[in-house]
Amino acid sequence: MLKVGKIVNRVAFVVSIVSYGGVVAIMLLNVADVLLTKLLGRPITGAYEITECLLLCTIMASFAYAQTKKSHINMTILIRIFPNILRFFVYGLMGLLSTGTAAAVGYAALQQAAGAVARGTVTSVLFIPLYPFYYVEAAVMFVFALTLLYDAALSFAAMFSKKYAQLVSADWTAG
């Protein structure tokens, strides 16, 4: 099971490169836009809408990586007092619900992309097609769902294994 976790972590890291690239691109674009506006009085046409499109991909692409680093907030204050089997069952169930939500968002992004293709939806200034950004959103949300599913499976395994129980609860803060 831990080998699967290593693969999931690698995939999430690769997806996180989209996020890193987006942050750098947004930063450089906005700095250049401000400098050109202040120094030459000539802003970069469409900088705001490029930033919007990049921001969609940047934020969504960071979710899976954050999950592998256990950076998302989990409310364990109540389940910490449960007996081990119940504690990890409830935690795994929360993971399954989160997985379903992430998968639903990915599916919705696919539907949004299909609608954008059918309607020929583009941005208002530069006429950039929007569907590629929705496809990126869908892909990274499915990777996020995969990381959540792995963590849920690990939680269910923790019901019967001290090794997995320690691994799952290692970052739960003490009350």
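Biologist: At what angle do helix H3 and helix H4 pack?
Modeller: H3 covers residues 84-119 and H4 covers residues 131-157 (helices are DSSP runs of H or I with at least four residues, strands are runs of E with at least two, and both are numbered from the N terminus). Their axes, which are lines fitted to C-alpha atoms over the stretch in contact, are 8 Å apart. Between N-to-C directions, on a scale from 0 to 180 degrees, the angle is about 165 degrees.

Biologist: Which pLDDT do local features need here?
Modeller: Residues are numbered from 1 along each chain as its sequence is written, and side-chain values use heavy atoms, with hydrogens and water left out. This is a predicted model, in which totals for chains, interfaces and linings use all residues, side-chain atom pairs count only at pLDDT 80 or more, and local features need pLDDT of at least 70.

Biologist: How many nonpolar residues are in the contact of H3 with H4?
Modeller: The angle of H3 to H4 is about 165 degrees, which makes the two roughly antiparallel (over 145 degrees; under 35 is roughly parallel, 65 to 115 roughly perpendicular and the rest oblique). Their contact includes seven polar residues and one charged residue (Asp, Glu, Lys and Arg are charged; Ala, Val, Leu, Ile, Met, Phe, Trp, Tyr, Cys and Pro are nonpolar; the others, Gly among them, are polar). The nonpolar residues number 27.

Biologist: Which residues does Phe13 contact, leaving aside its neighbours within four places in sequence?
Modeller: Phe13 is in helix H1 and is partly exposed, with a relative accessible area of 41% (buried is under 20%, exposed over 50% and partly exposed in between, with a 1.4 Å probe and protein chains only). Ala64, 51 residues away in sequence, has its C-alpha 8.0 Å from that of Phe13. With those neighbours set aside, the contacts of Phe13 are Tyr20 and Tyr65.

Biologist: What is the phi of Lys70?
Modeller: Most residues other than glycine have a negative phi. Lys70 lies in the loop between helix H2 (47-68) and H3, and its relative accessible area of 37% makes it partly exposed. Lys70 is not a glycine, yet its phi is positive, at about 55 degrees.

Biologist: Is Phe127 buried or exposed?
Modeller: Phe127 is in the loop between H3 and H4. Its phi is also positive, near 60 degrees, in a residue other than glycine. With a relative accessible area of 56%, Phe127 is exposed.

Biologist: What is the radius of gyration of the protein chain?
Modeller: The chain has five helices and zero strands. For 175 residues the globule rule gives 16 Å (2.2 Å times the number of residues to the power 0.38, with the radius taken over C-alpha atoms). The chain is well over that value, so it is more spread out than a compact globule, and its radius of gyration is 20 Å.

Definitions and conventions. Contact means heavy atoms within 4.5 Å.
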